[in-house]
Amino acid sequence: MKWAPILISAVLLIGGTAMAQAPELVRVSRFSGKPVPRFETLKFAMVNGRAGPSKDHPVLWEYQRKGLPLLVIKESQNWRRVRDPSGTEVWVHARMLEDGHKAYVQTPTVLRQDPMDGAEPVADLGRGVLVDLGACSRGWCRVQAKDYRGYAPQPSLWGADTGEAGL
């Protein structure tokens, strides 16, 4: 009987450790077969964001920026509920979106030659600049803005981390 509390504690500790190491479950949409949340980009320069998932719903927002990354947070048959860099959520028809690897610079930042704060500066990136997004690691993302290539801090980029969803 003296061993029972120790044995139960050990089982709970081992079970808790196993649960902590279990892979994170990814929600996959039954409509697109893609993970949700995920980033996609605007396929066209003019896209309407609606109050609901049909053309019967009023237009709440008119996007005028091809390539703008939007966070897909919900799906229906042909519509996607998206969040833009300002936090606005609207419904967009699925054909208005495409897979893309772009990010939106949320705060002015310095593009650096290497992924560290003290690295040689390459260019200043202003808020609103769209960059081609490469791989991200340890808080830095490889990006290209026109002819400039380098590393930008991941927190300054909308489109680099679906953890921004807070879902």
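A residue is called buried when its relative accessible area is under 20%, exposed when that area is over 50%, and partly exposed in between (1.4 Å probe, protein chains only). The structure above is a predicted model, in which local features need pLDDT of at least 70 and side-chain atom pairs count only at pLDDT 80 or more, while totals for chains, interfaces and linings use all residues. Residues are numbered from 1 along each chain as its sequence is written, and side-chain values use heavy atoms, with hydrogens and water left out.

Asp 132 has a relative accessible area of 35% and is therefore partly exposed. Lys 102 is also classed as partly exposed, because its relative accessibility is 29%. These two residues form a salt bridge, with their closest N and O atoms 2.6 Å apart; the term denotes a side-chain nitrogen of Lys or Arg within 4 Å of a carboxyl oxygen of Asp or Glu. The pair connects distant parts of the chain, since Lys 102 lies in strand E8 (residues 102–105) and Asp 132 in strand E11 (residues 130–137), 30 residues apart. Strands (E, at least two residues) and helices (H or I, at least four) are DSSP runs numbered from the N terminus.

The structure has 8 salt bridges by this rule. One of them joins the side chains of Glu 40 and Arg 38 at 2.8 Å, N to O, and both of these residues are buried. Glu 40 and Arg 38 also belong to a network of salt bridges that includes Lys 34, Glu 75, Arg 80 and Asp 99.

Asp 84 is buried yet has no salt bridge, and the nearest side chain of opposite charge, that of Arg 83, is 7.6 Å away. (Lys and Arg count as positive and Asp and Glu as negative; His and the chain ends are not counted.) Asp 84 is found in the loop between strand E5 (79–83) and strand E6 (89–93). Beyond its neighbours within four places in sequence, Asp 84 is in contact (heavy atoms within 4.5 Å) with Trp 61, Tyr 63, Leu 70 and Trp 158.

Finally, a search of the whole structure finds 1 disulfide, defined as a pair of cysteine sulfur atoms within 2.5 Å. The disulfide joins Cys 136 to Cys 141, with an S to S distance of 2.0 Å. The torsion about this S-S bond is about 110°, so the disulfide is right-handed. Cys 141 counts as buried because its relative accessibility is 0%, whereas Cys 136, at 32%, is partly exposed.
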